[in-house]
Amino acid sequence: MADAWALYRDAVEMLEQGRLRNAAEKAWGATNRATVALILERTGREPRSSGITHRTIRGMRSEGPALEDLANRYSQRMQDLHGTCFYDGICEPADQIVRDIDATADYIRDAEALAVGQ
């Protein structure tokens with residue numbers, strides 16, 4: 001989870017600099033790293049790609065409502081922060097992207113809790 005927190009701090013710094021698109025990508029990276037850490041902790045295997053991470057977290061949805069919620073949030077963040085904002089350059093509405101970036105800390109905390117079985 002240390003990687004996730006470091007990327008989140010980078011996202012906040014970029015946001016403070018007015019670099020919304022780059023902040024979105026850092027927040028996505030933090031989301032992805034937190035999810036990889038969760039999967040590694042729960043399965044003993046580290047996913048080799050974002051595609052495998054996505055497939056694995058989606059497969060874990062049946063393990064309970066908290067994992068289902070996290071998997072849904074992962075998919076949404078992949079689409080909004082990584083795909084639409086960073087790759088497509090469509091970072092609007094900006095206030096929603098900022099809210100998603102800020103919510104990355106909650107995502108990481110939730111992933112941490114799920115990693116230890118809470």
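Predicted model: local features only at pLDDT ≥ 70, side-chain atom pairs only at ≥ 80, totals over all residues.
At 48% relative accessibility, Glu 63 counts as partly exposed.

**Salt bridges**

The side chains of Glu 63 and Arg 42 meet in a salt bridge, 2.9 Å from N to O. Glu 63 sits in the loop between helix 3 (50-59) and helix 4, while Arg 42 belongs to helix 2, so the pair ties together parts that are 21 residues apart in sequence. Arg 42 is partly exposed too, with a relative accessible area of 34%.

How many salt bridges does a search of the whole structure find? The count is 7. Another one pairs Arg 33 with Asp 3, and here the closest N and O atoms are 3.5 Å apart. Arg 33 is part of helix 2 (residues 20-43) and Asp 3 is part of helix 1 (residues 2-16), so this bridge links parts that are 30 residues apart in sequence. Arg 33 counts as partly exposed at 29% relative accessibility. Asp 3 is partly exposed as well, at 46%.

A further bridge stays inside one helix. Asp 69 pairs with Arg 73, with the closest N and O atoms 3.0 Å apart. Why are they separated by about one helical turn? Because Asp 69 and Arg 73 are 4 residues apart in helix 4. Asp 69 is partly exposed, with a relative accessible area of 38%. Arg 73 is also partly exposed, at 23%. Elsewhere, salt bridges that share partners join Asp 3, Arg 33 and Glu 46 into one network.

The table collects accessibility values for residues from several parts of the chain.

| Residue | Relative accessibility | Class |
|---|---|---|
| Asp 3 | 46% | partly exposed |
| Arg 19 | 38% | partly exposed |
| Arg 33 | 29% | partly exposed |
| Arg 42 | 34% | partly exposed |
| Thr 53 | 1% | buried |
| Asp 69 | 38% | partly exposed |
| Arg 73 | 23% | partly exposed |
| Thr 84 | 26% | partly exposed |

**Helix 4 against helix 6**

Two packed helices are described by the angle between their axes and the distance between the axes. For helix 4 (residues 65-87) and helix 6 (residues 104-115), the axes come within 11 Å and cross at roughly 140°. The crossing of helix 4 past helix 6 is left-handed.

Which residues meet? Helix 4 contributes Ala 66, Leu 67, Leu 70, Arg 73, Tyr 74 and Arg 77. Helix 6 contributes Thr 104, Asp 106, Tyr 107, Asp 110, Ala 111 and Leu 114. By class, the contact of helix 4 with helix 6 has 7 nonpolar, 1 polar and 4 charged residues. Arg 73 takes part in this contact and also forms the salt bridge with Asp 69.

**A buried threonine**

Thr 53 is found in helix 3. Is Thr 53 buried or exposed? At 1% relative accessibility, Thr 53 counts as buried, because the cut-off is under 20%. Leaving out residues up to four places away in sequence, Thr 53 touches Asn 32, Thr 35, Val 36, Ile 39, Pro 47 and Tyr 74.

**The disulfide and the cis peptide bond**

A disulfide is a covalent bond between the sulfur atoms of two cysteines. The count here comes to 1 disulfide. Cys 85 and Cys 91 form it, with their sulfur atoms 2.0 Å apart. What is the hand of the link? The link of Cys 85 and Cys 91 is right-handed, with 95° about the S-S bond. Both Cys 85 and Cys 91 are buried.

Thr 84 lies in helix 4. Thr 84 is partly exposed, at 26%. Leaving out residues up to four places away in sequence, Thr 84 touches Gln 79, Gly 89 and Ile 90. Thr 84 and Ala 2 are 82 residues apart along the chain, and their C-alpha atoms are separated by 26 Å.

Next comes the peptide bond between Glu 92 and Pro 93, which is cis, with omega about -5°. Pro 93 is found in the loop between helix 4 and helix 5 (94-102).

**The loop between helix 1 and helix 2**

Arg 19 has its place in the loop between helix 1 and helix 2. Arg 19 counts as partly exposed, at 38% relative accessibility. Arg 19 and Thr 43 are 24 residues apart along the chain, with their C-alpha atoms separated by 36 Å.

Methods:
Residues numbered from 1 in each chain as written. Heavy atoms only, no water. Axes fitted to C-alpha atoms, helices over the stretch in contact; angles between N-to-C directions. Helix = DSSP H or I, 4+ residues; strand = E, 2+ residues; numbered from the N terminus. Left-handed = near helix turned anticlockwise from the far one by under 90°. Contact = heavy atoms within 4.5 Å. Nonpolar A, V, L, I, M, F, W, Y, C, P; charged D, E, K, R; others polar. Disulfide = S-S within 2.5 Å. Buried < 20%, exposed > 50% of the residue type's maximum accessible area, 1.4 Å probe, protein only. Salt bridge = Lys/Arg side-chain N within 4 Å of Asp/Glu carboxyl O.
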